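Please read these notes with the structure open beside you. They are written as numbered points, each on one topic.

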Amino acid sequence: MKSLPWKAMSVIALCCIFSDKLFAQQLKLGMQPTILDKDAVLELNSDKQGLLMPRVPKSRITAGGLLFGAKAGMLVYVVDDASIYLKKTTGWVRITDFSSVSAGTGISIDAAGVISNTGVTSFKARTGAVSPQEGDYNLDLLDDVVINTTSLANNQVLSFDQATSKWTNKTALTSIVTAAPVTGAGTAASPLSLIAGTAANQVLKWNGTAWTAGTETTSARKLTITAGTGIKQVTPAGAQDLTADRSWTIDADNTNALWNANKLQGLGISTTAPADGQILKWNAAKSLYEPMDDSTGGVTFAKLTTPDAAYADQPFPKVKLKIWEAPGGSPVTNGPAGVTAHAWTILSFRNTSYTTQLFFDKANLAIKEWGGNNSPLTSNGGNPWYKAVLTHGDNVFTDGGIVFAKKTSDASVEVSQDAGNFFYDFANKRLGIGTNTPANALEIAGAAYTGGSLTPATSGLRLKNLATATPDPSNTKVLSINAQGDVIVTNNAANDNWLTTGNVGAAAGSFLGNRDDVPMIIKSNNQTYLEFGRRDLLGLTDTESYGPEYSDVNQKVTHLRSALQFESSSRLYKPMFFVDQYGNFRMKGSAASDDIFEFGATGSTVNDGGFDFIIGDDGDEPIIFKSYNYNGRVFSEMMRIQRGKVGIGLTAEPAKVLHVNARNDAIRLQNLATTTTANNLLTIDANGDVRQVNKNSTSSFTSMNITGTNNALNVGTVNNMIRINSGYNGTINGITNGTTPIDGQTITFYCIATTGTSLTFNNNSNNAALGNRIYTPTGAAVTISNQGNATLVYSAQDNAWIMISFIL
């Protein structure tokens with residue numbers, strides 16, 4: 001049987017719930033649903049639709065069919081015969097189509113279907129004016145009950161035989177034999193006579209010789225139920241009189257074999273007695289359920305409903321291992337630290353009073369012992385998680401290479417190796433750093449020269465925190481490095497030179513520098529770091545650069561030939577000025593201890609110059625431009641750049657790529673380009689956000705007769721101009737295009753009449769679905785009339801139609 005379409009079902013449900021015109025136990029579908037015929041339970045009213053009966057094959061109503069035993073009164077349409085069938089008490093009968101019946105000789109059928117005799121000329125070999133005779137007609141049913149075809153005997157009558165459910169021929173009664181106390185004339189004879197009672201509810205009793213009036217005896221009307229085989233007890237015990245309704249509770253003994261089941265869903269169960277721990281399994285070869293061993297010592301599987309590892313238990317004594325799948329969506333909790341994967345597995349091994357877990361995901365492996373076998377498992381400080389140390393699957397370790405911690409993937413514990421630069425020579429007991437062929441107990445190979453702060457003489461050995469040691473007075477010996485790179489003790493050639501720790505007793509007027517016109521140079525590692533002198537003397541005269549500053553040959557110049565770094569309490573990014581490898585002058589430093597700021601020149605080729613500002617670490621640090629007003633000592637924020645967004649007039653992060661606080665003033669755009677092409681539109685939502693919406697891909701026009709209240713006016717997907725025909729007045733609570741909403745779809749409604757035409761748009765009406773609602777610029781209803789118009793754009797972000805302009 002087919003169901004009503006969902007729209008029809010919705011109409012029925014709404015009618016049943018909301019209509020105040022419905023009467024109890026009545027339903028009307030179709031036209032004029034509120035005008036009901038009180039005599040009809042169900043009424044269908046339509047001038048263009050009909051009732052579609054259930055369609056079934058004939059096999060459904062014949063013997064063995066699903067509807068063969070249906071209740072009388074059911075109607076179905078049988079597709080085999082293309083006919084309607086009615087279920088009667090005697091079976092299914094076909095409702096004849098009389099349009100196919102034709103009148104024979106002497107018969108007429110009028111338009112109302114009335115059959116008349118027009119003058120029978122012959123019937124059963126009789127001619128002329130034929131009169132009915134015995135035997136002309138045979139009945140095989142009487143009131144839809146079959147008449148038995150048994151041969152008739154003289155004086156038999158037709159009576160209903162309940163045993164055969166048929167009308168049957170039986171011999172009629174010819175006399176009634178009577179005996180005392182009733183005479184043949186039907187009168188009472190002695191000792192039967194009418195007896196008058198003496199009280200209400202008395203009964204007629206036989207006293208052995210005559211009938212007398214007396215009270216009904218109830219003491220003997222009792223019932224006792226006794227527990228038999230398979231019954232534990234009957235409550236209450238003993239007899240109960242039946243002068244009123246009584247009840248008993250019968251408790252069955254479920255240990256008695258009487259209640260043993262020998263089948264499960266119609267399939268046989270073996271009578272073999274089960275052993276401890278066995279379960280019932282299906283044996284296909286024997287077609288029986290038999291007691292068999294469970295997966296003792298085997299494995300079970302389950303999926304956690306929580307990411308908490310304490311719930312990955314193994315409570316079954318007969319099973320040693322249970323595999324738990326992660327619930328998905330989050331890392332494990334109460335698991336090994338540092339694990340971030342959402343897909344992971346726990347193997348839980350059961351022991352006598354504790355559970356051992358093996359945890360692993362794509363890059364971590366860990367083990368832990370828990371207390372107990374049932375969730376939640378108990379953790380204690382003496383049994384933490386222990387992680388296995390892993391290495392990348394592509395690594396191949398070299399004998400002698402020292403292993404060190406290095407993460408290359410998602411593993412929280414991972415090691416790697418760099419045998420070429422970190423090596424231990426087992427045979428000679430030597431350690432090499434920067435080399436795998438150490439020639440001494442400890443050999444540190446020099447680093448390759450890469451420019452910047454490193455020099456070709458950098459050894460690769462750095463000693464830190466020496467300032468905390470108490471130094472001895474300087475002496476004539478120093479540590480030095482020979483040609484092979486070995487550290488050796490040599491005489492201190494600088495013993496009599498200027499002391500880096502400062503001189504004592506220097507005369508007044510002493511200075512560090514030169515008295516003649518030669519450059520003063522400060523070096524480190526024989527590299528010049530600082531020069532003092534005239535521009536010409538230092539070779540810095542430049543006549544091509546812009547400005548006179550570079551061409552003054554006598555200008556005093558301090559020439560810094562290294563980066564200049566400043567002392568700072570910041571942990572990272574100590575502030576410094578430097579020149580990069582392309583000659584660009586830049587500054588870099590710390591912001592709030594751990595963040596970084598940097599600005600300066602950019603570019604790597606000729607005419608590729610630029611200037612940039614960098615602020616960051618977490619990506620949310622702002623670049624802020626402020627002005628200072630001496631009056632009041634006030635700093636005012638003018639503009640900020642943060643997370644790729646620009647804010648003007650704000651004091652917080654911009655909400656959009658360009659966020660302007662106009663402070664209730666206008667924003668001026670000048671000298672905008674003009675165009676005659678209909679481009680996309682800009683809309684402003686309630687938050688002030690400006691976005692582009694797409695206009696309709698095609699421009700087309702239609703007209704509508706809009707009347708009444710419309711909660712979902714269908715405007716289609718191709719028309720962007722809708723004319724309200726003259727003389728029509730309507731209200732719109734919501735708009736739909738009849739399909740999936742199209743972001744940026746534009747519709748203009750307009751009137752052409754001078755009078756008598758109007759259209760009202762209600763703002764955010766609760767009568768319309770959310771996706772169909774309208775938001776007006778005024779926040780209230782807008783009515784256009786006569787020659788007015790209104791333009792609306794669908795906004796997917798607002799899930800509504802936005803009115804962007806209107807002319808009343």
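**Notes on side chains and their contacts**

1. At 34% relative accessibility, I433 counts as partly exposed; buried means under 20% relative accessible area, exposed over 50%, and partly exposed in between (1.4 Å probe, protein chains only). I433 is found in strand β35 (residues 430-433). Strands (E, at least two residues) and helices (H or I, at least four) are DSSP runs, numbered from the N terminus. Between I433 and G420 there are 13 residues of separation in sequence and 8.6 Å in space, C-alpha to C-alpha.

2. A word on the source. The model is predicted, so local features need pLDDT of at least 70 and side-chain atom pairs count only at pLDDT 80 or more, while totals for chains, interfaces and linings use all residues. Residues are numbered from 1 along each chain as its sequence is written, and side-chain values use heavy atoms, with hydrogens and water left out.

3. How many salt bridges are there? The count comes to 13 salt bridges, a salt bridge being a side-chain nitrogen of Lys or Arg within 4 Å of a carboxyl oxygen of Asp or Glu. Side chains of opposite charge can pair when their charged atoms come close.

4. K28 and E43 form a salt bridge through their side chains (3.8 Å, N to O). K28 lies in strand β1 (residues 27-30) and E43 in strand β2 (residues 42-45), so the pair ties together parts that are 15 residues apart in sequence. K28 is buried, with a relative accessible area of 4%, whereas E43 counts as partly exposed at 22% relative accessibility.

5. Is K286 buried or exposed? K286 counts as exposed, at 51% relative accessibility. The side chain of K286 meets that of E290 in a salt bridge (3.0 Å, N to O). E290 is buried, with a relative accessible area of 12%.

6. E290 also takes part in a polar contact: its side chain and that of N283 are joined at 2.9 Å. A polar contact is a pair of N or O atoms within 3.5 Å; within protein, one must be able to donate a hydrogen and the other to accept it, and residues adjacent in sequence count only if both atoms are side-chain atoms. N283 is placed in strand β23 (residues 279-283) and is buried, with a relative accessible area of 16%. A polar atom of the N283 side chain also lies 3.0 Å from the backbone nitrogen of A285.

7. R640 and E637 meet through their side chains in a salt bridge (2.6 Å, N to O). R640 counts as buried at 7% relative accessibility, and E637 counts as buried at 15%. Elsewhere, a network of salt bridges links R586, K588, E598 and D612.

8. Next, the aromatic rings. There are 16 aromatic pairs by count. Rings of Phe, Tyr and Trp (its six-membered ring) pair if their centres lie within 6.5 Å; planes under 30 degrees apart count as stacked, over 60 as edge-to-face and the rest as tilted. The ring centres of F749 and F761 are 5.4 Å apart and their planes stand at 65 degrees, so this pair is edge-to-face. The pair links distant parts of the chain, with F749 in strand β59 (residues 746-751) and F761 in strand β60 (residues 758-761), twelve residues apart. Both F749 and F761 are buried.

9. Y794 and W801 have ring centres 5.3 Å apart and planes at 70 degrees, so the pair is edge-to-face. Y794 counts as buried at 4% relative accessibility, and W801 is buried with a relative accessible area of 2%. One aromatic cluster is made up of W344, F359, W370 and W385.

10. Charges over rings come next. A charge sits over a ring if NZ of Lys or CZ of Arg is within 6 Å of the ring centre and within 35 degrees of the ring normal. The charged end of R633 is over the ring of Y630, at 3.9 Å from its centre. R55 lies over the face of Y77, 4.8 Å from the ring centre.
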